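Welcome! Here is a short briefing on the pockets, cavities and surface of a protein model, written for someone who likes to look at the details.

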Amino acid sequence: MRDLRGRTALVTGGDSGIGLGIAHAVCDAGMSVVISGIVEETLEKAGSELAAVGTAHAVRLDVRDRAGFAALADRMDREFGGVDVLVNNAGVGFLAPTTEATFEQWDWVLDINLTGVFNGIRTFLPRMLAAGRPGHIVSTASIGGLLGAPGSTYAAAKAGVVGLMEALAAELVDTPVGVSILTPGIVRTNIHNGPPPPGSVVVHTPGDAAETDLHAAAMPPREVGDRVVRAILDEQLYVITHAEHRELLERRFDAILRCVPDEQPDPRRAGVERLILHNPVYDRALGRTAR
Ligand SMILES: NC(=O)c1ccc[n+]([C@@H]2O[C@H](COP(=O)([O-])OP(=O)(O)OC[C@H]3O[C@@H](n4cnc5c(N)ncnc54)[C@H](O)[C@@H]3O)[C@@H](O)[C@H]2O)c1
């Protein structure tokens with residue numbers, strides 16, 4: 001999208017943390033913003049905070065509620081002429097190791113962090129395509145979805161968001177709807193005070209770092225919001241928030257490439273594999289094809 005002024009964004013989980021940072025940034029870019037969340041009090045507070053700087057509305061929506069998504073989409077069609085930028089950001093933190101996570105906790109994390117993203121896309125994308133205007137979908141994964149950081153349940157959900165969005169980008173390559181995958185590192189938010197998972201949990205801090213260090217080094221949410229707006233305007237597939245992730249990502253991708261069999265590829269098999277697996281969005285992200 002080249003110009004966001006006068007257009008409408010929906011940000012799920014937009015009443016707190018990264019979502020609120022994105023809501024502020026899109027508001028400053030001249031968009032009307034609708035934020036959704038599940039806590040009346042924070043929705044009201046964030047709604048008035050945003051209304052003081054732009055056009056903002058706050059609505060209650062649990063991202064697991066598909067009927068609620070459909071009702072919100074109808075309302076946004078009526079009141080705003082649809083959604084131009086959809087930000088699937090709502091999520092919960094859950095860092096318990098595999099042997100401590102219960103089946104109920106797995107379902108809870110996956111339902112909110114992965115299925116909630118699909119619910120948003122499945123509800124709004126057909127309407128965005130039917131509108132035929134330039135649009136954009138951003139989904140918040142995590143750098144843990146690219147690096148497999150400890151906390152397998154959370155990592156699985158976030159890797160799922162990355163896979164979903166990369167495949168979606170390929171499906172939408174010839175449409176006016178762009179796609180970005182936000183993979184934040186540690187950001188100063190309320191994620192540690194989010195809704196509690198079912199059952200009991202032992203609290204785990206990432207990497208066993210001291211809480212004070214985590215807080216001091218964490219990125220402010222507004223910085224993430226500004227990076228998201230730039231990515232929408234530049235049609236950038238990945239929103240990597242931290243320059244500090246370069247080395248970690250290189251090690252991961254090098255580790256994968258190290259395991260590719262060191263053999264002469266069979267040309268026929270290569271052709272078939274390429275036919276099925278080639279995703280033009282990687283070429284585009286590498287600047288090999290102009291959009
Ligand atoms: N904070 C970080 O360091 C960090 C890092 C990587 C990724 N993330 C991701 O960023 C996103 C935003 O988290 P945050 O850190 O800003 O935390 P936050 O707790 O400040 O905000 C999360 C928002 O999601 C909402 N939410 C939770 N469950 C919901 C549900 N079932 N339906 C609708 N809304 C729901 C919360 O009410 C809140 O508004 C999440 O997807 C999270 O996984 C955060």
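How do the residues of the lining of the second largest pocket divide into nonpolar, polar and charged? The model is a predicted one, and in it this lining divides into nine nonpolar, two polar and five charged residues. The points below start with that pocket, then turn to the cavities, a surface patch and one glycine.

**The second largest pocket**

- The volume of the second largest pocket comes to about 520 Å³.
- Its lining is made up of 16 residues, and those that lie nearest the centre are Leu146, Ile240, Leu249, Glu250 and Phe253.
- Three elements each supply at least two residues of this lining: helix α6 (152-171), strand β7 (238-240) and helix α9 (246-258).
- Among these, α9 gives the most to the lining of the second largest pocket, with eight residues.

**Cavities**

- Searching the whole structure turns up three cavities of 30 Å³ or more.
- For the largest cavity, the volume is about 40 Å³.
- Around the largest cavity you will find Val34, His57, Val59, Leu72, Arg75, Met76, Glu79 and Phe80 as lining residues.
- Sorted by class, the lining of the largest cavity holds five nonpolar residues, one polar residue and two charged residues.

**A nonpolar surface patch**

- Val272, Leu275, Ile276 and Leu277 together make a nonpolar surface patch of about 470 Å².
- Is Val272 buried or partly exposed? Its relative accessible area is 44%, and because partly exposed covers the range between under 20% (buried) and over 50% (exposed), Val272 counts as partly exposed.

- Gly145 sits in helix α5, which covers residues 144-147.
- The relative accessibility of Gly145 is 9%, and since buried means under 20%, Gly145 counts as buried.
- How far apart are Gly145 and Thr183 in sequence and in space? They are separated by 38 residues in sequence, while their C-alpha atoms are 7.4 Å apart in space.

How values were computed: Residues are numbered from 1 along each chain as its sequence is written. This is a predicted model: local features need pLDDT of at least 70, side-chain atom pairs count only at pLDDT 80 or more; totals for chains, interfaces and linings use all residues. Side-chain values use heavy atoms; hydrogens and water are left out. Patches are made of residues with over 30% relative accessible area and no salt bridge: like charges are joined within 9 Å, nonpolar side chains (Val, Leu, Ile, Met, Phe, Trp, Tyr) within 5 Å. Accessible areas come from the Shrake-Rupley method with a 1.4 Å probe; for residues, only the protein chains shown count as cover. A salt bridge is a side-chain nitrogen of Lys or Arg within 4 Å of a carboxyl oxygen of Asp or Glu. Buried means under 20% relative accessible area, exposed over 50%, partly exposed in between (1.4 Å probe, protein chains only). On a 1 Å grid over the protein atoms alone, a cavity is a set of points where a 1.4 Å probe fits but cannot get out, and a pocket is an open set with protein on both sides within 12 Å along at least five of seven lines; lining residues have an atom within 4 Å of a point. Grid points are joined across faces, edges and corners, and a volume is the space filled by probe spheres set on the points. Helices (H or I, at least four residues) and strands (E, at least two) are DSSP runs, numbered from the N terminus. Ala, Val, Leu, Ile, Met, Phe, Trp, Tyr, Cys and Pro count as nonpolar, Asp, Glu, Lys and Arg as charged, and the others, Gly among them, as polar.
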